[in-house]
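Student: I've got a new model open and I'd like to learn how to read its side-chain contacts and its strands. Can we go through it together?

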Amino acid sequence: EQRVLFKIVNDNGGIYGRKLTYIDCDDGPGDPARTRACYKKLVEQDKIFAMSAGCSLSEDQYQADLKRDQIPAFSPCSLYHVEWQNPYSFPIHMDMRQEGAATAIWAANTKKPKTYGVLCLYIPDSQAACAHVEKQMNKVGAKQVFKRTYRSGTPDMSGDIIAARAAAPDFIFDYSIDAFVGARFMIDAQQQDYWPPMGMVANHKTIEPLGGIIGDYPAKKGYWNNTTYLLWGPDHIAWQRKFVPANKGLSHHVLQGQWFGTNAMIECMQRIGANLTRPR
(Lines give C-alpha, C1' and ligand atoms only; values in the text may rest on other atoms or scores of the structure.)
Protein backbone atom coordinates (compact mmCIF):
# COMPACT_ATOMS: atom_id res chain seq x y z
CA GLU A 1 0.00 0.00 0.00
CA GLN A 2 2.95 2.32 0.67
CA ARG A 3 4.28 1.76 -2.83
CA VAL A 4 0.84 2.38 -4.35
CA LEU A 5 0.41 5.64 -2.42
CA PHE A 6 3.77 6.84 -3.73
CA LYS A 7 2.89 5.72 -7.28
CA ILE A 8 -0.33 7.74 -7.18
CA VAL A 9 1.64 10.82 -6.11
CA ASN A 10 4.23 10.23 -8.85
CA ASP A 11 1.55 9.65 -11.50
CA ASN A 12 0.13 13.05 -10.59
CA GLY A 13 3.41 14.92 -10.98
CA GLY A 14 5.15 14.07 -7.72
CA ILE A 15 5.91 16.65 -5.04
CA TYR A 16 6.46 19.81 -7.10
CA GLY A 17 8.00 17.67 -9.82
CA ARG A 18 10.10 15.55 -7.47
CA LYS A 19 9.27 11.83 -7.61
CA LEU A 20 9.05 9.62 -4.54
CA THR A 21 11.12 6.43 -4.42
CA TYR A 22 10.29 3.73 -1.87
CA ILE A 23 13.27 1.70 -0.59
CA ASP A 24 12.94 -1.01 2.04
CA CYS A 25 15.24 -3.23 4.09
CA ASP A 26 14.25 -6.47 5.85
CA ASP A 27 15.60 -6.69 9.40
CA GLY A 28 13.94 -10.03 10.13
CA PRO A 29 11.88 -10.79 13.23
CA GLY A 30 13.14 -7.89 15.29
CA ASP A 31 16.88 -8.64 15.28
CA PRO A 32 18.54 -5.51 16.77
CA ALA A 33 21.81 -6.06 14.84
CA ARG A 34 19.97 -6.39 11.54
CA THR A 35 17.80 -3.39 12.39
CA ARG A 36 20.83 -1.19 12.95
CA ALA A 37 22.46 -2.54 9.77
CA CYS A 38 19.31 -1.67 7.81
CA TYR A 39 19.27 1.83 9.23
CA LYS A 40 22.91 2.34 8.29
CA LYS A 41 22.28 1.08 4.73
CA LEU A 42 19.20 3.25 4.19
CA VAL A 43 20.83 6.43 5.52
CA GLU A 44 24.45 6.12 4.38
CA GLN A 45 24.12 4.10 1.19
CA ASP A 46 20.61 4.84 -0.10
CA LYS A 47 20.64 8.44 1.18
CA ILE A 48 16.97 8.44 2.15
CA PHE A 49 15.19 11.74 2.73
CA ALA A 50 12.81 10.35 5.37
CA MET A 51 11.42 7.10 6.74
CA SER A 52 7.80 6.25 6.01
CA ALA A 53 5.76 3.37 7.40
CA GLY A 54 7.73 0.16 7.85
CA CYS A 55 7.57 -1.88 11.03
CA SER A 56 10.18 -3.50 13.24
CA LEU A 57 10.11 -5.08 16.67
CA SER A 58 13.50 -3.37 17.17
CA GLU A 59 12.70 0.14 15.97
CA ASP A 60 13.77 1.50 19.33
CA GLN A 61 17.34 0.74 18.19
CA TYR A 62 17.63 3.69 15.81
CA GLN A 63 15.69 6.45 17.58
CA ALA A 64 18.85 8.19 18.79
CA ASP A 65 20.26 7.92 15.26
CA LEU A 66 17.17 9.61 13.80
CA LYS A 67 17.74 12.57 16.13
CA ARG A 68 21.45 12.70 15.33
CA ASP A 69 20.87 12.49 11.57
CA GLN A 70 17.72 14.67 11.74
CA ILE A 71 15.69 12.24 9.63
CA PRO A 72 11.91 12.37 10.14
CA ALA A 73 10.23 8.97 10.57
CA PHE A 74 6.51 8.88 9.80
CA SER A 75 4.06 6.28 11.16
CA PRO A 76 6.37 3.55 12.50
CA CYS A 77 4.94 0.60 14.44
CA SER A 78 4.95 2.93 17.47
CA LEU A 79 5.63 0.25 20.07
CA TYR A 80 8.21 2.12 22.11
CA HIS A 81 8.09 4.92 24.64
CA VAL A 82 11.25 6.47 23.17
CA GLU A 83 9.40 7.09 19.90
CA TRP A 84 7.09 9.49 21.70
CA GLN A 85 10.10 11.30 23.17
CA ASN A 86 11.86 11.64 19.81
CA PRO A 87 10.91 14.87 17.95
CA TYR A 88 11.86 13.22 14.64
CA SER A 89 9.49 10.28 15.13
CA PHE A 90 5.76 10.54 14.42
CA PRO A 91 4.01 7.54 16.04
CA ILE A 92 0.52 6.45 15.07
CA HIS A 93 -0.77 4.99 18.35
CA MET A 94 0.03 4.60 22.03
CA ASP A 95 3.19 2.78 23.08
CA MET A 96 3.32 -0.49 25.01
CA ARG A 97 3.54 1.14 28.42
CA GLN A 98 0.46 3.28 27.79
CA GLU A 99 -1.36 0.21 26.50
CA GLY A 100 -0.50 -1.77 29.61
CA ALA A 101 -1.81 0.93 31.93
CA ALA A 102 -4.98 1.57 29.87
CA THR A 103 -5.85 -2.11 29.49
CA ALA A 104 -5.32 -2.80 33.18
CA ILE A 105 -7.66 0.06 34.11
CA TRP A 106 -10.27 -1.37 31.73
CA ALA A 107 -9.90 -4.88 33.18
CA ALA A 108 -10.04 -3.64 36.78
CA ASN A 109 -13.22 -1.68 36.08
CA THR A 110 -15.06 -4.17 33.89
CA LYS A 111 -13.77 -7.70 34.62
CA LYS A 112 -12.77 -7.15 38.28
CA PRO A 113 -10.44 -10.18 38.59
CA LYS A 114 -9.13 -11.21 42.01
CA THR A 115 -6.10 -12.91 40.48
CA TYR A 116 -4.38 -12.48 37.13
CA GLY A 117 -1.48 -13.58 34.94
CA VAL A 118 0.76 -11.78 32.41
CA LEU A 119 2.56 -12.83 29.24
CA CYS A 120 5.54 -10.64 28.32
CA LEU A 121 8.23 -10.46 25.68
CA TYR A 122 11.90 -10.39 26.67
CA ILE A 123 12.44 -6.72 25.74
CA PRO A 124 12.45 -3.71 28.11
CA ASP A 125 9.29 -2.00 26.84
CA SER A 126 7.25 -5.20 27.02
CA GLN A 127 8.54 -5.73 30.56
CA ALA A 128 7.56 -2.13 31.34
CA ALA A 129 4.07 -2.77 29.96
CA CYS A 130 3.70 -5.77 32.26
CA ALA A 131 4.95 -3.63 35.16
CA HIS A 132 2.26 -1.04 34.37
CA VAL A 133 -0.33 -3.81 34.45
CA GLU A 134 0.95 -4.94 37.85
CA LYS A 135 0.92 -1.37 39.18
CA GLN A 136 -2.68 -0.77 38.13
CA MET A 137 -3.91 -4.15 39.37
CA ASN A 138 -2.19 -3.63 42.72
CA LYS A 139 -4.38 -0.55 43.18
CA VAL A 140 -7.50 -2.71 43.17
CA GLY A 141 -5.99 -5.53 45.26
CA ALA A 142 -5.71 -8.10 42.45
CA LYS A 143 -2.90 -10.63 42.90
CA GLN A 144 -0.50 -11.74 40.17
CA VAL A 145 -0.28 -15.54 40.30
CA PHE A 146 1.18 -16.35 36.88
CA LYS A 147 3.84 -14.73 34.69
CA ARG A 148 5.79 -15.89 31.66
CA THR A 149 8.41 -14.06 29.57
CA TYR A 150 9.02 -15.23 26.00
CA ARG A 151 11.32 -14.60 23.08
CA SER A 152 10.08 -14.28 19.51
CA GLY A 153 9.91 -17.69 17.88
CA THR A 154 9.15 -19.67 21.06
CA PRO A 155 8.01 -22.98 19.54
CA ASP A 156 6.15 -24.70 22.37
CA MET A 157 4.14 -23.40 25.32
CA SER A 158 2.34 -26.56 26.37
CA GLY A 159 4.20 -26.61 29.69
CA ASP A 160 3.20 -23.01 30.32
CA ILE A 161 -0.46 -23.93 29.81
CA ILE A 162 -0.13 -26.63 32.46
CA ALA A 163 1.45 -24.05 34.79
CA ALA A 164 -1.32 -21.55 34.07
CA ARG A 165 -3.96 -24.16 34.85
CA ALA A 166 -2.25 -24.88 38.17
CA ALA A 167 -1.90 -21.17 39.06
CA ALA A 168 -5.55 -20.61 38.07
CA PRO A 169 -5.56 -16.84 37.33
CA ASP A 170 -9.01 -15.33 36.81
CA PHE A 171 -7.72 -13.26 33.89
CA ILE A 172 -4.59 -13.06 31.69
CA PHE A 173 -2.94 -10.02 30.10
CA ASP A 174 -0.94 -10.73 26.95
CA TYR A 175 1.80 -8.15 26.44
CA SER A 176 4.16 -10.46 24.57
CA ILE A 177 3.78 -7.95 21.68
CA ASP A 178 4.78 -10.44 18.97
CA ALA A 179 1.42 -11.58 17.60
CA PHE A 180 2.69 -15.07 16.88
CA VAL A 181 3.95 -15.57 20.43
CA GLY A 182 0.43 -14.80 21.64
CA ALA A 183 -1.00 -17.09 18.95
CA ARG A 184 1.24 -19.97 20.08
CA PHE A 185 -0.08 -19.60 23.64
CA MET A 186 -3.68 -19.63 22.39
CA ILE A 187 -3.13 -22.67 20.16
CA ASP A 188 -1.54 -24.65 22.97
CA ALA A 189 -4.32 -23.53 25.33
CA GLN A 190 -6.94 -24.75 22.87
CA GLN A 191 -5.22 -28.11 22.54
CA GLN A 192 -5.50 -28.55 26.31
CA ASP A 193 -8.98 -26.98 26.46
CA TYR A 194 -7.75 -24.34 28.91
CA TRP A 195 -8.82 -20.72 29.22
CA PRO A 196 -8.86 -18.38 32.24
CA PRO A 197 -12.48 -18.08 33.46
CA MET A 198 -12.68 -14.31 32.91
CA GLY A 199 -10.79 -14.43 29.62
CA MET A 200 -7.70 -12.79 28.14
CA VAL A 201 -6.81 -9.36 26.79
CA ALA A 202 -3.91 -8.52 24.49
CA ASN A 203 -2.19 -5.43 23.23
CA HIS A 204 -3.89 -4.76 19.90
CA LYS A 205 -3.11 -8.01 18.09
CA THR A 206 -5.69 -7.10 15.50
CA ILE A 207 -4.34 -8.77 12.37
CA GLU A 208 -6.80 -10.35 9.94
CA PRO A 209 -4.61 -13.39 9.12
CA LEU A 210 -4.33 -14.17 12.85
CA GLY A 211 -7.94 -15.38 12.89
CA GLY A 212 -7.06 -18.18 10.53
CA ILE A 213 -4.25 -19.25 12.86
CA ILE A 214 -5.99 -19.15 16.25
CA GLY A 215 -9.50 -20.07 15.10
CA ASP A 216 -12.59 -19.03 17.05
CA TYR A 217 -11.74 -20.74 20.35
CA PRO A 218 -10.42 -17.52 21.99
CA ALA A 219 -13.44 -15.49 20.88
CA LYS A 220 -15.84 -18.10 22.22
CA LYS A 221 -14.01 -18.25 25.54
CA GLY A 222 -13.50 -14.49 26.00
CA TYR A 223 -10.76 -12.56 24.21
CA TRP A 224 -10.31 -8.77 23.93
CA ASN A 225 -7.86 -6.44 22.21
CA ASN A 226 -7.14 -2.76 22.59
CA THR A 227 -6.73 -0.97 19.30
CA THR A 228 -6.50 2.65 18.27
CA TYR A 229 -8.83 2.72 15.28
CA LEU A 230 -12.25 1.64 14.10
CA LEU A 231 -11.53 -1.65 12.35
CA TRP A 232 -10.45 -1.06 9.71
CA GLY A 233 -11.93 2.32 8.84
CA PRO A 234 -14.34 2.66 5.91
CA ASP A 235 -12.12 5.18 4.09
CA HIS A 236 -9.11 2.88 4.28
CA ILE A 237 -11.11 -0.17 3.19
CA ALA A 238 -12.65 1.73 0.27
CA TRP A 239 -9.17 2.83 -0.85
CA GLN A 240 -7.80 -0.69 -0.42
CA ARG A 241 -10.59 -2.25 -2.50
CA LYS A 242 -9.98 0.24 -5.29
CA PHE A 243 -6.19 0.30 -5.47
CA VAL A 244 -4.86 -2.89 -3.80
CA PRO A 245 -7.69 -5.47 -3.89
CA ALA A 246 -5.15 -8.29 -3.46
CA ASN A 247 -4.63 -7.08 0.13
CA LYS A 248 -8.14 -8.13 1.16
CA GLY A 249 -7.96 -10.14 4.36
CA LEU A 250 -4.48 -8.87 5.24
CA SER A 251 -5.37 -5.69 7.14
CA HIS A 252 -4.20 -4.83 10.62
CA HIS A 253 -4.14 -1.75 12.81
CA VAL A 254 -0.52 -0.82 12.02
CA LEU A 255 -1.18 -1.03 8.29
CA GLN A 256 -4.21 1.21 8.76
CA GLY A 257 -2.27 3.68 10.88
CA GLN A 258 0.58 3.74 8.41
CA TRP A 259 -1.86 4.44 5.58
CA PHE A 260 -3.13 7.48 7.50
CA GLY A 261 0.41 8.45 8.45
CA THR A 262 1.71 8.24 4.90
CA ASN A 263 -1.17 10.37 3.65
CA ALA A 264 -0.35 12.91 6.35
CA MET A 265 3.33 12.89 5.34
CA ILE A 266 2.43 13.45 1.68
CA GLU A 267 0.09 16.31 2.55
CA CYS A 268 2.76 17.82 4.80
CA MET A 269 5.33 17.76 1.98
CA GLN A 270 2.82 19.30 -0.43
CA ARG A 271 1.96 22.10 2.02
CA ILE A 272 5.63 22.96 2.57
CA GLY A 273 6.00 23.78 -1.10
CA ALA A 274 8.85 23.57 -3.58
CA ASN A 275 11.53 24.25 -0.95
CA LEU A 276 11.17 20.88 0.73
CA THR A 277 13.78 20.20 3.41
CA ARG A 278 13.94 17.91 6.40
CA PRO A 279 13.77 20.71 9.01
CA ARG A 280 10.79 22.31 7.26
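Predicted model: local features only at pLDDT ≥ 70, side-chain atom pairs only at ≥ 80, totals over all residues.

Student: Which residue forms a salt bridge with R97, and how far apart are the closest N and O atoms?

Tutor: The general idea is that side chains of opposite charge can pair when their charged atoms come close. Here the partner of R97 is D125, with the closest N and O atoms 3.6 Å apart. This pair links distant parts of the chain, since D125 sits in helix α6 (residues 124–139) and R97 in helix α5 (residues 96–110), 28 residues apart. D125 is buried at 8% relative accessibility, while R97 is partly exposed at 28%.

Student: How many salt bridges does the count come to?

Tutor: The count is 13. Another one joins the side chains of D65 and R68, at 2.9 Å from N to O.

Student: How many residues apart are D65 and R68 in helix α3?

Tutor: Three, so about one helical turn separates them in α3 (residues 63–69). D65 is buried, with 7% relative accessibility, but R68 is exposed at 56%. Both also belong to a network of salt bridges that links R36, D65, R68 and D69.

Student: What about D216: which residue does D216 form a salt bridge with?

Tutor: That would be K220, and the closest N and O atoms are 3.4 Å apart. D216 is partly exposed, with a relative accessible area of 44%, and K220 is exposed at 66%.

Student: On to the rings. How many aromatic pairs are there?

Tutor: Twelve aromatic pairs. To read one, look at the ring centres and the angle between the planes; over 60 degrees counts as edge-to-face. F6 and Y22 have ring centres 5.9 Å apart and planes at 85°, so theirs is an edge-to-face pair. F6 is in helix α1 (residues 2–11) and Y22 in the loop between α1 and α2 (32–45), so the pair ties together parts 16 residues apart in sequence. F6 is buried at 7%, and Y22 is partly exposed at 25%.

Student: And how far apart are the ring centres of W106 and F171?

Tutor: They are 6.4 Å apart with planes at 50°, so that pair is tilted. W106 lies in helix α5 and F171 in strand β6 (residues 171–175), so parts 65 residues apart in sequence are tied together. F171 is buried, with a relative accessible area of 0%, whereas W106 is partly exposed at 29%.

Student: Now a strand. Which residues of β4 point one way, and which the other?

Tutor: In a regular strand the side chains alternate between the two faces of the sheet. In β4, T115, G117, L119 and L121 point one way and Y116, V118 and C120 the other, and all are buried. Seven of the seven residues of β4 (residues 115–121) are buried, so the strand is largely enclosed by the rest of the structure.

Student: What does β4 pair with in the parallel sense over seven bridges?

Tutor: With strand β5 (residues 143–150), where F146 is the bridge partner of G117. Together, β4, α6 and β5 make a right-handed β-α-β unit. β4 also runs parallel to β6, joined by five bridges, and there Y116 has F171 as its bridge partner.

Terms used
Residues numbered from 1 in each chain as written. Heavy atoms only, no water. Salt bridge = Lys/Arg side-chain N within 4 Å of Asp/Glu carboxyl O. Helix = DSSP H or I, 4+ residues; strand = E, 2+ residues; numbered from the N terminus. Buried < 20%, exposed > 50% of the residue type's maximum accessible area, 1.4 Å probe, protein only. Phe/Tyr/Trp six-rings, centres within 6.5 Å; stacked < 30°, edge-to-face > 60°. Pairing = 2+ DSSP bridges. Right-handed = clockwise from strand over helix to strand, strands pointing away.
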